[in-house]
Structures are given as structure tokens and as C-alpha cells.
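Subject: Structure handover

Hi,

Here is the structure for your files.

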Amino acid sequence: MEDTRKIKDIYDCAAIISDEELYPLQNWYNQLIDKTLPEITAADVLRMIRQKQFISLAMSKAIKFLQDDVFIGESYDGEMLEKISEMDRLFLTSYIEDLKSIAKNALEKSVMHEWSYDGEKDEFKKIVNVITKKLT
């Protein structure tokens, strides 16, 4: 059963408060910490990774999303895998078994996937190969 507490309660963090208008990232952060774990979206996970916020949480959610859809992304197919491929190798080894399984599944599913443009399949395979190399 997944934890239903809000992120701010799990991590004991506070919302950003200012007398001036908040920046978009500050607004996103405030909205994020007011969510429960099941409410976190793929877009939230991608932004968490880009902003280096709650990285362990982002990774565990990313794995769940990727187990359901290896092509998941906000802007393009494979975006979540690409962001993970950019992460530190030592950090990724904590998730080695899940990531190996996801990488294998990604290569198998990439054969029949309907790609948006020529070369996208090769780009996707390169991303999967980067992750695979980091895990060996």
C-alpha cells in the first residue's frame, strides 16, 4: 500500500512564501509538496529530476511509470528514460535490477513502436544503451 501522506509531511518541508509573486518553479514546488505520492505525475517526476528535488522519490516513481510505459515522457517518447540516463551511475546502481528489466523491455518494445520521425528509434536505443552501460 502506497503512503498517502503529503510530501511536505513525509520530508518535513515547508512551502515557499514571499511577499512578491512566486516564480513558476516556486509555484510548482509548492504544489508538489502538497501532493500525496499517488498524485505525483510523470511531469512532476521529470521536473523533480531536472531540478534535483526529492531524487529518491522521483526515481521510485519513475521506475513505476517506466514499468507501465517505457516510452513515457512529457514532451516526447522516451523522455523519462533519457533523464534517467543522465543521472549519476552510482545512484543508478541502487536500482540496478529494475533498470535492467526496464532496459530489456524498452529494447523489445522499441521494435514495434510507432516512432514520430526517422532516427527517433536510434536515439531511443542510444539512451537505453547509456543506461545499460552505467549498470555494468
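The buried residues of H2 pack against helix H1 (7-10) and H3. In H2 (24-33), the buried residues are Trp28, Tyr29, Asn30, Leu32 and Ile33. Buried means under 20% relative accessible area, exposed over 50%, and partly exposed in between (1.4 Å probe, protein chains only). Helices are DSSP runs (H or I, at least four residues), numbered from the N terminus.

This is a predicted model: local features need pLDDT of at least 70, side-chain atom pairs count only at pLDDT 80 or more, and totals for chains, interfaces and linings use all residues. Residues are numbered from 1 along each chain as its sequence is written, and side-chain values use heavy atoms, with hydrogens and water left out.

H2 and H3

The axes of H2 and H3 come within 12 Å and cross at roughly 120°. Axes are lines fitted to C-alpha atoms, for helices over the stretch in contact, and angles run from 0 to 180 degrees between N-to-C directions. H2 is therefore oblique to H3. Oblique covers what is left after roughly parallel (under 35 degrees), roughly antiparallel (over 145) and roughly perpendicular (65 to 115). The crossing is left-handed: the near helix is turned anticlockwise from the far one by less than a right angle. H2 contributes Leu25, Trp28 and Leu32 to the contact, and H3 contributes Asp44, Arg47, Met48 and Gln51. Contact means heavy atoms within 4.5 Å. By class, the contact of H2 with H3 has four nonpolar, one polar and two charged residues. Nonpolar means Ala, Val, Leu, Ile, Met, Phe, Trp, Tyr, Cys and Pro; charged means Asp, Glu, Lys and Arg; the others, Gly among them, are polar.

H3 and H4

H3 and helix H4 (residues 55-68) pack at about 140°, with axes 9 Å apart. That makes H3 oblique to H4. H3 passes H4 in a left-handed crossing. From H3, Ala42, Val45, Met48 and Ile49 meet Ile55, Leu57, Ala58, Lys61, Ala62 and Phe65 of H4. This contact has nine nonpolar, no polar and one charged residues.

Two single residues

Threonine 36 sits in the loop between H2 and H3. At 14% relative accessibility, threonine 36 is buried. Beyond its neighbours within four places in sequence, threonine 36 is in contact with Thr4, Arg5 and Lys6.

Serine 56 lies in H4. Serine 56 is partly exposed, at 45% relative accessible area. With neighbours within four places in sequence set aside, serine 56 is in contact with Phe91 and Tyr95.

Best wishes

Conventions:
Helices (H or I, at least four residues) and strands (E, at least two) are DSSP runs, numbered from the N terminus.
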